[in-house]
Amino acid sequence: MREVNLAEFAAAHADGAVVVDVREPFEYVEGHVPGARPVPLGQLPAMVGTLPRNRPVYVICASGNRSLSAAQFLARAGIDARSVAGGTGGWVRSGRAVVTGADT
């Protein structure tokens, strides 16, 4: 498991990275990284089998704390997980857009 900064994440995201947002549903609906898959932290153990093992999985939350825990858990499960330092808050502060709504 490793932690990546927002610039590294932005480059991976632009290349079609797998992104898992571990925030709660109400947080996700308020705004999320385009293409991020919502998987609340408490539901992550049940979803491990649905995540790819042949490419990195970028894990994001609001600030980077939950994503760090989630990435550590995923790494123990054999997934190349990378926590996004700064989270969605940092993504927005860096001037990048978020998508609002539950179905996007």
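Strand β2 (residues 18-21) is joined to strand β4 by 4 bridges, and the two run parallel; strands count as paired if DSSP finds at least two bridges between them. Asp21 has Ile60 of β4 as its bridge partner. Strand β4 is also joined to strand β5 (residues 81-84), by 3 bridges and again in parallel. Here the bridge partner of Val59 is Ser83 in β5.

The model is predicted: local features need pLDDT of at least 70 and side-chain atom pairs pLDDT 80 or more, while totals for chains, interfaces and linings use all residues. Residues are numbered from 1 along each chain as its sequence is written, and side-chain values use heavy atoms, without hydrogens and water.

In a regular strand the side chains alternate between the two faces of the sheet. In β4 (residues 57-60), Val57 and Val59 lie on one side and Tyr58 and Ile60 on the other, and all are buried (under 20% relative accessible area; exposed is over 50%, partly exposed in between; 1.4 Å probe, protein chains only).

The protein chain contains 5 helices and 5 strands, which are DSSP runs numbered from the N terminus (helices H or I, at least four residues; strands E, at least two). Their order along the sequence is β-α-β-α-β-α-β-α-β-α. Of the 104 residues, 40% count as buried. Among contacts (heavy atoms within 4.5 Å) with a separation of 6 or more, 66% come from residues 24 or more positions apart. The C-alpha atoms fill a box of roughly 35 × 25 × 25 Å along the principal axes.
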